[in-house]
Amino acid sequence: MEDKKFYTLLVYSENIAGILNQITAVFTRRQVNIESLNVSASSIRGIHKYTITAWSDPDQISKITKQIEKKIDVVKANYYTDDEIFIHEIGLYKISSQILLENPEVSRTIRHHDARIMEVNPTYSTVLLAGLTEDVTDLYECLDKFGCILQYSRSGRIAVTRSFDEPVCNYLHEQEKIENGNM
C-alpha cells in the first residue's frame, strides 16, 4: 500500500440543498476522514466551491474524486497536493489580557508570528493570524505554553489553484460548446 499524502479537493457544484451530505458520504463510505471543509461561493455565478482536505493515497483520492464528480449537481472536482495550490487558514485566539500585559514575551510571540491583536479589554484580548496551517498551529502551541489561551478556533483551509482561472471554467466552456452544437 502506498504512503498517505495530504490532499486538497476542490469541488464545484450548483448551490443545491443536500449536496454537501452527498459529497461527505463518499468519504464516509471509503472510511477517509475529512480534516477540514470550507464551502463558499466561487468566482463563477451560481457555482459553489468546496475545499476539502484529507489524508489518502493517490489511488484512493482519485477514486473519491471520480465518485464525487458523478453526483448529479457536482460540476467538476479535482484534487491537489500542497505544491499545486495556494493555501491559507485563519486562527482566532482569545487570550487572557492579564497574562498579555504581565508577560512581554506574549506580545513578542504574537508579533514574531505576524499576528494582529484585534481587541484588548480588561479580561481578554483577541488575536488573529492568517497563514499556513503550520503557522496557525505553531502560534497556538507558543501561546499555550504561556497558559493564556481562553478560546481558540481555526478555519478550514481555503485554496486557489496556480492556474489563471477556476479549473471548472474550461469544463463549463466545453459543455457550453457541446450544448450549442459547436463541437
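Gln31, which follows helix α1, has a positive phi, near 55°. The model in which this residue is described is a predicted one. Helix α1 itself spans residues 19-29, and Ile19, Ile23, Thr24, Val26 and Phe27 are its buried residues. Viewed down the axis of α1, these buried residues fall within an arc of 140°, so they line one face of the helix. The face turned away from the buried side of α1 carries Asn21, Thr28 and Arg29, which are exposed. Cover for the buried residues of α1 comes from elements that include the strands β1 (5-14), β2 (34-41), β3 (47-56) and β4 (74-80), together with helix α2 (58-69).

A one-sided arrangement is also found for helix α4. In α4, the buried residues are Val106, Ser107, Thr109 and Ile110. Around the helix axis they cover an arc of only 155°, and therefore lie on the same side of α4. Arg111 and His112 are exposed and sit on the face of α4 turned away from its buried side. The buried residues of α4 pack against the strands β5 (85-96), β6 (116-120) and β7 (124-131), and against the helices α3 (97-102) and α5.

The axes of α4 (residues 104-112) and α5 (residues 133-145) come within 10 Å and cross at roughly 175°. Because of this crossing angle, α4 is roughly antiparallel to α5; angles over 145 degrees are assigned to that class. On the α4 side the contact is made by Val106, Thr109 and Ile110, and on the α5 side by Leu139, Cys142 and Leu143. By residue class, the contact of α4 with α5 divides into 5 nonpolar residues, 1 polar residue and no charged residues. Val106, Thr109 and Ile110, which α4 contributes to this contact, are also listed among the buried residues of that helix.

At the level of the whole chain, the protein contains 6 helices and 9 strands. Of its 183 residues, 40% count as buried. Among contacts between residues at least 6 apart in sequence, 74% join residues at least 24 apart. The protein exposes about 10900 Å², of which carbon and sulfur atoms supply 49%.

Methods: Residues numbered from 1 in each chain as written. Predicted model: local features only at pLDDT ≥ 70, side-chain atom pairs only at ≥ 80, totals over all residues. Heavy atoms only, no water. Axes fitted to C-alpha atoms, helices over the stretch in contact; angles between N-to-C directions. Helix = DSSP H or I, 4+ residues; strand = E, 2+ residues; numbered from the N terminus. Parallel < 35°, antiparallel > 145°, perpendicular 65-115°, else oblique. Contact = heavy atoms within 4.5 Å. Nonpolar A, V, L, I, M, F, W, Y, C, P; charged D, E, K, R; others polar. Buried < 20%, exposed > 50% of the residue type's maximum accessible area, 1.4 Å probe, protein only. Arc of directions from axis to C-beta. Areas by Shrake-Rupley, 256 points an atom, 1.4 Å probe, with all protein chains shown as cover.
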